[in-house]
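Please keep the structure in view while reading.

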Amino acid sequence: MERTTDTREGVGGPGEQAVLLAAGLADLAVTTVGAAFTSVRGLLRRSDTAELAAGAEQDLIARGRLALDRYATAPPAHLEVLARHVIAQRDGDGGREGDGGRDGDGDRGRDGDGDRA
């Protein structure tokens, strides 16, 4: 079989193409594993391997916390955010002129320290 730059030329059929794909994947895997072993061998020769492992562990723990914070926490309720925004705007008016004479209604349903009752 003649080598060409187009990988589809010279391929006999679907069976031969599957064999060539499998051989290509195997070659890629061997190359990748070989490079990984070389890297591991170099790491094992270092004198600060314990410190390196401890640092890697701390990095993984930090990444885990970030991932959990990103995906595990629920966003705040939309209506609660809107209500807080309205309260903040009303409090920003200074004299509460826009509350229609309802002094203290903004705190209804809250206990002494500002939390909902």
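Of the 117 residues in the protein chain, buried residues make up 2%. The coordinates belong to a predicted model, and the mean pLDDT of the protein chain is 77, with 70% of its residues reaching 70 or more.

**Fold and surface**

- The protein chain has three helices and zero strands, and its elements, read from the N terminus on, follow the order α-α-α.
- The accessible surface of the protein chain comes to about 10300 Å², and carbon and sulfur atoms account for 58% of that area.

**Helix α2**

- Helix α2 covers residues 49–72, and its 24 residues, at 1.5 Å a residue, should span 34 Å, which agrees with the 33 Å found between its end C-alpha atoms.
- The number of buried residues among the 24 of α2 is zero, so this helix lies largely in the open.

**The salt bridge in helix α3**

- The structure holds one salt bridge, in which the side chains of glutamate 80 and arginine 84 meet at 3.1 Å, taken from N to O.
- Glutamate 80 and arginine 84 are four residues apart in helix α3 (residues 78–92), and therefore about one helical turn separates them.
- In general, side chains of opposite charge can pair when their charged atoms come close.
- Glutamate 80 counts as partly exposed because its relative accessibility is 28%, whereas arginine 84, with a relative accessible area of 56%, is exposed.

**Confidence**

- Among the elements of the protein chain, the highest mean pLDDT, 92, belongs to α3, which carries the salt bridge between glutamate 80 and arginine 84, and the lowest, 87, belongs to α2.
- Over residues 1–5 the pLDDT stays under 50, and for these residues the model has three contacts beyond four places in sequence.

Methods: Residues numbered from 1 in each chain as written. Predicted model: local features only at pLDDT ≥ 70, side-chain atom pairs only at ≥ 80, totals over all residues. Heavy atoms only, no water. Salt bridge = Lys/Arg side-chain N within 4 Å of Asp/Glu carboxyl O. Helix = DSSP H or I, 4+ residues; strand = E, 2+ residues; numbered from the N terminus. Buried < 20%, exposed > 50% of the residue type's maximum accessible area, 1.4 Å probe, protein only. Expected span 1.5 Å × (residues − 1). Areas by Shrake-Rupley, 256 points an atom, 1.4 Å probe, with all protein chains shown as cover. pLDDT = per-residue confidence, 0-100. Contact = heavy atoms within 4.5 Å.
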